[in-house]
Amino acid sequence: MSGVDWEEDDPFEEQRDKIENPMKRLFVEYGRDYAPQVTVGVLASVFARLLDLLPPLMLGIALDAIFRSDGEAQFSEQIPLVVLPDAWLPTAQVDQFWFTIAVLAGAFLFGAGFHWVRNWGFNAFAQNIQHDVRTDTYDQMQRLNMDFFSDKQTGEMMSILSNDVNRLERFLNDGMNSVFRLSVMVVGISVLLFWINWQLALVALLPVPVIAGFTYLFIKIIQPKYAEVRSTVGKMNSRLENNLGGIQVIKAANTESYESERVDDVSFDYFDANWDAIETRIKFFPALRVLAGIGFVLTFIVGGLWVFQGPPGPFTGELSEGMFVVFILYTQRFIWPMAQFGQIINMYQRARASSARIFGLMDEPSKLAEDRDAEELAVDEGEVVYDDVSFGYDDETIVEDVDFEVEGGETLALVGPTGAGKSTVLKLLLRMYDVDDGEIRIDGQNVSDVTLRSLRRSIGYVGQSSYLFYGTVRENITYGTFDATDEEVREAAEAAEAHDFIENLPDGYDTMVGERGVKLSGGQRQRITIARAVLTDPDILILDEATSDVDTETEMLIQRSLDRLTTDRTTFAIAHRLSTIKDADTILVLEGGKIAERGTHDELLDNDGLYAHLWGVQAGEIDELPQEFIDRAQERTARIVEDAESDDD
Ligand code: ADP
């Protein structure tokens, strides 16, 4: 996913910093439901590992009992290790041999069963939590304010939903599995070794503290290197994503070699960081091998001498050949788990960071919280009143003292230069954002006091870029009105002048469209969106430059369908092409977030202000705007550029 540096510009940082123990929270909030699965997994894991430890021990016992001449006494002396009463144990050598085989076969068979159950338990635990966390995070994400959906943050949210959630799953499955495996191995083997011969056990375990210290040091050194790798891979992905998205510009501007160089640079940074980490890692494992080897050789020397000559040096007691073999086999198995603890700690820390990110998003309060006693919006006439409304996305005021009234069923048009705040004014009606000052009322009800569901159900929106979901044409038309019949869909499509072209698509209403589907033209997509709005039959309609980006012929078709749609419905229309809104009941001219002029088309022409001049230019009556308007436009553009630059800092 897109390379995201969490340290920079992180939208959820504030919430994340408040989370004290994300892993505990994960287990309490999400793990609890799957406690049976994980308990089964843990128990099976412990049994499976204990059975894994049995074969070397049995081998040692068998060596002593069966292959030594004084075997009989040995077997029953040592078998209590495996907690069977003496009376059950065979005494004849041949029987002992078969008994050993039976125990080994049983250990393998039951071991396999336990491994199966263990895998089932841990996987069920991890997959279920992964699913729950992902769906909860997504639900929460949908509730967030629109502020969060600017480009960069969409990348971050995608990253949380995929990378972080996956990383949790990896820890909950592989990581936890390893924790139990390694714990049982380390504890189990230590106990057995000490029990068989505590003196030799001390020798065998001598390298353990050294290995532990060495591993700790390795983690300390490697972690910042891994962080660097992640950061460089993030930057590289961002660059690649960016370039793929902008490939058309790159080709048109002939900047292929320039871009190749930039990709080369970021790729080399990644290579460099990776190589640095690899160099450390490839030194660690051979060094560990040497340490483990020293321990092994030491055990071999002391144990070997012990078997030959009796206890060497300060040691006392007896060591049989069989038990010597057990020591050798166990010491071998013991060292590697120690080295793997490093990896598990690493996995844990990553999972911890990921859950902090996930909970950071989940804890982000939705600023548009509904009152508990919010009522359903009941639209009767459809009268809309803006009462001295002011609003800014950040500190800067974008919309200032906007004040107007639209009678039910009338059409209000918003015109004005780009950036004047036209879309913003209407986003406030949809309550994508809350007003800073003033009030917006629909039939006397403040939009902040009603439920978001009822508000948005009453308002239809047809925007300039009509987004189609991947699915059939029918699904796209019925989106939001899922229970519509085929007949209703068809009528809506006819009203939107879309039926004819839909019939001509390869599969008619069942043609797949949207991303990965059949590519439709802007005008066709637009008409499908209009059909959707017709079907929803909203009380209030917003047309946000609904006829930009289409040719004149299509515009006429769309205009016809829109006229049908807007009759008797309170309608807000934003348009650059003034011809499309000249019949509106009221036209508001916005400039710099304020209402500069208002009236009907004829009144505004008489007024001889910005509207009259824009009309003149568009109708071909005058060649260009008077200098005064051009100066103002230039000033505005300069301000927008300045803002953009200061945003980049
Ligand atoms: P119009 O529809 O008239 O072109 P907009 O309402 O889209 O104008 O934008 C008005 C101003 O608000 C512009 O300066 C724009 O940069 C700014 N703006 C729009 N959306 C956002 C946003 N999500 N966050 C911050 N500023 C925004």
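In the predicted model, the side chains of Arg 25 and Asp 363 form a salt bridge, with an N to O distance of 2.9 Å. Arg 25 belongs to helix H2, whereas Asp 363 lies in the loop between helix H10 (321–362) and strand E1 (384–391), so the pair ties together parts that are 338 residues apart in sequence. Asp 363 has a relative accessibility of 28% and counts as partly exposed. Arg 25 also meets the side chain of Glu 29 in a salt bridge, here at 2.8 Å from N to O. These two residues are 4 apart in helix H2 (residues 22–31), and about one helical turn therefore separates Glu 29 from Arg 25. The relative accessible area of Glu 29 is 41%, which makes this residue partly exposed.

The structure holds 17 salt bridges. Another of them joins the side chains of Asp 164 and Arg 167, with 3.9 Å between N and O, a distance that falls within the 4 Å cut-off for a salt bridge. Through shared partners, salt bridges connect Arg 25, Glu 29 and Asp 363 into one network.

Helix packing was examined for two pairs. Helix H3 (residues 35–66) and helix H5 (residues 93–143) have axes that come within 7 Å and cross at roughly 160 degrees. Angles over 145 degrees count as roughly antiparallel, and H3 and H5 are therefore roughly antiparallel to each other. Their crossing is left-handed. The contact of H3 with H5 has 25 nonpolar residues, together with 10 polar and 3 charged ones.

The second pair consists of helix H7 (residues 207–245) and helix H9 (residues 256–309), whose axes come within 9 Å and cross at roughly 165 degrees. H7 and H9 are therefore also roughly antiparallel to each other. H7 passes H9 in a left-handed crossing. By class, 22 nonpolar, 7 polar and 8 charged residues make up the contact of H7 with H9.

Strand pairing was considered next. An open sheet contains 4 strands in the order E2-E1-E4-E5, and the pairing is antiparallel. Strand E2 (399–406) and strand E5 (445–446) are the edge strands, each pairing on one side only. Strand E4 (residues 437–442) runs antiparallel to E5 and is joined to E5 by 2 bridges. Ile 442 has Gln 445 in E5 as its bridge partner.

Strand E11 (residues 586–591) pairs with strand E12 (residues 594–599) in the antiparallel sense, over 5 bridges. Within this pairing, Leu 590 stands opposite Ile 595 of E12. The hairpin of E11 and E12 has 2 residues between the strands, and Gly 592 in this hairpin takes a positive phi near 55 degrees.

Technical notes:
Residues are numbered from 1 along each chain as its sequence is written. This is a predicted model: local features need pLDDT of at least 70, side-chain atom pairs count only at pLDDT 80 or more; totals for chains, interfaces and linings use all residues. Side-chain values use heavy atoms; hydrogens and water are left out. Axes are lines fitted to C-alpha atoms, for helices over the stretch in contact, and angles run from 0 to 180 degrees between N-to-C directions. Angles under 35 degrees count as roughly parallel, over 145 as roughly antiparallel, 65 to 115 as roughly perpendicular and the rest as oblique. A crossing is left-handed if the near helix is turned anticlockwise from the far one by less than a right angle, and right-handed if clockwise. Ala, Val, Leu, Ile, Met, Phe, Trp, Tyr, Cys and Pro count as nonpolar, Asp, Glu, Lys and Arg as charged, and the others, Gly among them, as polar. Buried means under 20% relative accessible area, exposed over 50%, partly exposed in between (1.4 Å probe, protein chains only). Two strands pair if DSSP finds at least two bridges between them.
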